[in-house]
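Here is a short briefing on one protein model.

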Amino acid sequence: MSLSGPDDTNPPGTPSSSGTPGATGGAALRTAIAGTGMIGRVHLDAVRRSGAPVVGVSASTPARAKEAAAALGVDRAFDSSEELVTSDDVDVVHICTPNDAHARLAELALRAGKHVVCEKPLTTSSATAGALAELAARSGKVAAVPFVYRYHPMAAEARARVRDGRAGDVRLVHGHYLQDWLLLPEDTNWRVDAAAGGPSRAFADIGSHWCDLVEWVTGHRIAELTALTQTVPRAGGTPATEDVVQLLFRTDLGASGSVTVSQISPGRKNRLWFEVDGTRTSLAFDQEAPESLFVGSRGENAAVLRDPATLSPEAARLSVVPGGHPMGYLDCFAAFVRDVHAAARAADASGTADPAPGAPATPFATFADAARMVRLTEAVLGSAEDRTWKEVS
């Protein structure tokens, strides 16, 4: 399979091969999910909350697919993920398999005329990721990656306060993303194995989320970096990818920053935290306490609470329940899927995945955004290996 040419790519405007109402207009898009682990079930919940039908699932074997379909209340179990992503009965595919299968399945889906949601990392090499992004751009189909922390209303509020000048010029960006699920030597998972998970684990898995989020919030892009990594011994001497990354960076707009990424920090379950220090205020967001945004200044500090009546328009759009009714990760995922599916219906109606002139922007990350995170990951690994600064395109 090659990503080198467009010859067998459906041209922009080509409908799903089924040609049924699920593929066009305002009708719900028929969705299928490749992979039924934890994240696959999160995708399934989000798709159902969007109102779209989940028509089938696939798993590592046909037997496991049948078990999952029965447990999840899905009518069809595909014998393979390859069958799922090319089926005439599917309009949108969600790829939630181990990382080594992402590129192959995403390419098959795009060439079959499907809209694609692919888990990150998009691929395990920047060359393949770039080729996939180009294929997606030619296809006229929506191709998205769930960097869903963009969908926290208070993260969107931070972005609004940077973009409208209330924070001033950004000078410093810093934070961490900490977990503990691989703390013990006997802790393991397919992600630990480079063959299935790729050459990076901690950074590709969660560090990419942090970097994508702060770039989206600030409008800055990490332009150069230097990194250190740490890998703890695993039981039985199993080779493993990195558990810790510490990163220093400079941005294209003149700010500096740092982030610590760890999957071995005791007691930290999913602590994505960042702070943006501007010339007027600082803004800090904690994903584990997402109902407020810290706004700091020389004169007075404040905790801005999530209240759609007082937030910026984009943050208010994402704030779907009144203040005091907590929102969280699953709500972010549901909002992401709603936006992606709305964009997919619009693309089928117009023949292009480009937003209509004057249409409001939506926060979801595209394959091009995800390909950038793959390039960033390669720069991190390269810097850690030779202990030099690396530029990032």
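R387 is found in the loop between α11 and β16 (390–391). Helices (H or I, at least four residues) and strands (E, at least two) are DSSP runs, numbered from the N terminus. The model is predicted: local features need pLDDT of at least 70, side-chain atom pairs count only at pLDDT 80 or more, and totals for chains, interfaces and linings use all residues. Residues are numbered from 1 along each chain as its sequence is written, and side-chain values use heavy atoms, with hydrogens and water left out.

**Backbone points**

- R387 follows α11 and has a positive phi, near 55°.
- That positive value occurs in a residue other than glycine.
- Most residues other than glycine have a negative phi, and most peptide bonds are trans.
- R387 counts as exposed, because its relative accessibility is 70%. Buried means under 20% relative accessible area, exposed over 50%, and partly exposed in between (1.4 Å probe, protein chains only).
- The peptide bond from K120 to P121 is cis, with omega near -5°.
- P121 lies in the loop between β5 (115–118) and α5 (126–139).

**Helix α11**

- Helix α11 covers residues 367–386, 20 residues in total.
- At 1.5 Å a residue, α11 should span 28 Å, and its end C-alpha atoms are 29 Å apart, which agrees. The expected span is 1.5 Å times one less than the number of residues.
- V380 sits in helix α11.
- V380 is buried, with a relative accessible area of 0%.
- Leaving aside neighbours within four places in sequence, V380 is in contact with F203, L225, A227, V245 and L247. Contact means heavy atoms within 4.5 Å.
- V380 and E224 are 156 residues apart in sequence, yet 9.7 Å apart in space, C-alpha to C-alpha.

**α8 against α11**

- Helix α8 (residues 202–218) packs on α11 at an angle of about 120°, with the axes 10 Å apart. Axes are lines fitted to C-alpha atoms, for helices over the stretch in contact, and angles run from 0 to 180 degrees between N-to-C directions.
- α8 and α11 are therefore oblique to each other. Angles under 35 degrees count as roughly parallel, over 145 as roughly antiparallel, 65 to 115 as roughly perpendicular, and the rest as oblique.
- The crossing of α8 and α11 is right-handed. A crossing is right-handed if the near helix is turned clockwise from the far one by less than a right angle, and left-handed if anticlockwise.
- From α8, the residues that meet α11 are F203, A204, S208, C211, D212 and E215. Their partners in α11 are R372, M373, L376, T377 and V380.
- By class, the contact of α8 with α11 has six nonpolar, two polar and three charged residues. Ala, Val, Leu, Ile, Met, Phe, Trp, Tyr, Cys and Pro count as nonpolar, Asp, Glu, Lys and Arg as charged, and the others, Gly among them, as polar.

**α5 against α11**

- α5 and α11 pack at an angle of about 170°, with their axes 9 Å apart.
- That makes α5 roughly antiparallel to α11.
- α5 contributes S126, A129, G130, L132, A133 and A136 to the contact. α11 contributes F367, A368, A371, V374, R375 and E378.
- The contact of α5 with α11 holds eight nonpolar, two polar and two charged residues.
- A137 is also found in helix α5.
- A137 is exposed, at a relative accessible area of 64%.
- A137 and D354 are 217 residues apart in sequence and 9.0 Å apart in space, C-alpha to C-alpha.

**Helix α4 and its cover**

- Helix α4 (residues 102–111) and α5 have axes that come within 10 Å and cross at roughly 15°.
- α4 and α5 are therefore roughly parallel to each other.
- Their crossing is left-handed.
- The contact involves A103, A106, E107, L110 and R111 of α4, with T128, L132, L135, A136 and S139 of α5.
- Those residues divide into six nonpolar, two polar and two charged.
- Eight of the 10 residues of α4 are buried, so α4 is largely enclosed by the rest of the structure.
- The buried residues are H102, A103, L105, A106, E107, A109, L110 and R111.
- Their cover includes α3 (81–86), β4 (92–95), β5, α5 and α11.
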